[in-house]
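Q: Could you walk me through this model, starting with its inner spaces?

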Amino acid sequence: MSAAMDPVLWNDWHPVAASAALAPGALLPVRLLEEEMLVWRDASGVVHAWNDRCPHRGARLSLGWVQEDRVVCAYHGWQFDAAGACRLQPAQPHDTPPKTACARRFAAREAYGLVWVCLGEPALELPPFPEHADARLRKVLCGPYPVHACGPRVIENFLDMAHFPFIHEGILGAREFTEVPDYRVDPYDDGLGERGMTGVIATECHAWQPQANLLAAGGSMVEYTYRVVRPLTAILTKLPAQQGGLAEAISLHVQPEDEEHCRAWIVLAMSNDSSSDEESRAFQDRIFLQDLAILESQRPKAIPLEPGMEVPQRADRLSAAYRRMLKALDLRYGVLPQER
């Protein structure tokens, strides 16, 4: 189905690029909900998101360059200002370009080290991530991780503790500790009022882990809290016993390229001051890449929202609540059933 037919995702914010990777004057092609896009930063530091198509003959604007805060098309040299309006057609340099000669623009913002884009009319604020503002925690951006799977599958895997002893054995789990203790699942209000969303929160989640993070010298019990604050954003806080009560947070933000392909961005807010950013990213890369083969093997690609196609277990209470959340939102893209 067309992504534009799903107002939930079309009118929400999605990450498309790392802020630090977008230098002034650079043109970066990205893909979001089947839209081929271009993001770029002007000389004043403002980020712009456009359709990656010149209105003249349909060439990719990302093949061009930036000249004095104008995007120049590589095909015929048309120049577009920061508002998307064409200011020069070199073949007729003395003519005023028509008003229809403009690039299609989208809303763009920056937060949490990421560039966010909304293709429609933003119905919500950006997903809240208050741990990112905690000065005691160090922030590291990881990814993006390309995944041949729908966005909800990636989120649901992030919420799943029962796979730790099998997929992440020796790090996040061990075969002698496979039982998932009961935990609480409740609605979660993100506190943003009409510009926010009611999601899902799971508390009192406990797991024994051989190496909860790079600071861990041995195994310990870890307490998790999971918050699903948007259809494609989830945040966990973890409280390893060795960290003296200081919780760290991991946020997962999925960029849906189409119904079966996405990119996963992870933002760490960590208590670890002894490891380098590169070491922290390598640790997270190792964890995510262990999940990758499983995620890409799941069938159907779209996540089922109706009972009967998959057989749940009691440990799946959080993912069941997540699916009910998607169904209540009337999410249509990347889920079954897809037609209404």
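A: Happy to, starting with the second largest cavity, which is lined by Leu 9, Cys 150, Gly 151, Pro 152, Leu 232, Pro 256, Asp 258, Glu 259, Leu 331, Tyr 333 and Gly 334. A cavity here is a set of points, on a 1 Å grid over the protein atoms alone, where a 1.4 Å probe fits but cannot get out, and lining residues have an atom within 4 Å of a point. Bear in mind that this is a predicted model, where local features need pLDDT of at least 70 and side-chain atom pairs count only at pLDDT 80 or more, while totals for chains, interfaces and linings use all residues. Residues are numbered from 1 along each chain as its sequence is written, and side-chain values use heavy atoms, with hydrogens and water left out.

Q: Which elements give two or more residues to the lining of the second largest cavity?
A: Elements are DSSP runs numbered from the N terminus, with helices (H or I) of at least four residues and strands (E) of at least two. By that count, the ones giving two or more residues are α2 and β16 (248–258).

Q: What is the volume of the second largest cavity?
A: A volume is the space filled by probe spheres set on the grid points, which are joined across faces, edges and corners. For the second largest cavity that comes to about 60 Å³.

Q: How many disulfides does the structure hold?
A: A disulfide is a pair of cysteine sulfur atoms within 2.5 Å. Cys 262 has its closest cysteine sulfur in Cys 150, 7.5 Å away, so that pair is too far apart for a bond. The total for the structure is 0.

Q: Which cysteine has the sulfur nearest to that of Cys 54, and how far away is it?
A: Cys 54 counts as buried (under 20% relative accessible area, with exposed over 50% and partly exposed in between, using a 1.4 Å probe on protein chains only), because its relative accessibility is 2%. Cys 54 is in no disulfide, and the nearest cysteine sulfur belongs to Cys 73, at 3.8 Å.

Q: Which element supplies the largest share of the lining of the largest pocket?
A: A pocket is an open set of grid points with protein on both sides within 12 Å along at least five of seven lines. The largest one holds about 630 Å³ of space, and of its 25 lining residues the closest to the centre are Glu 156, Glu 310, Asp 316, Ser 319 and Arg 323. Two or more lining residues come from each of α2 (151–158), α4 (277–297) and α5 (317–329). The largest share, 5 residues, is from α5.

Q: How many charged residues are in the lining of the second largest pocket?
A: This pocket has about 160 Å³ of space, and Phe 177, Glu 179, His 206, Ala 207 and Trp 208 lie nearest its centre. Ala, Val, Leu, Ile, Met, Phe, Trp, Tyr, Cys and Pro count as nonpolar, Asp, Glu, Lys and Arg as charged, and the others, Gly among them, as polar. The lining has 10 nonpolar and 3 polar residues, and the charged count is 1.

Q: Is Glu 131 buried or exposed?
A: Glu 131 sits in the loop between β10 (114–118) and β11 (138–147). Its contacts (heavy atoms within 4.5 Å) include Lys 139 and Arg 227. With a relative accessible area of 15%, Glu 131 is buried.

Key: Lists of a residue's contacts leave out its neighbours within four places in sequence.
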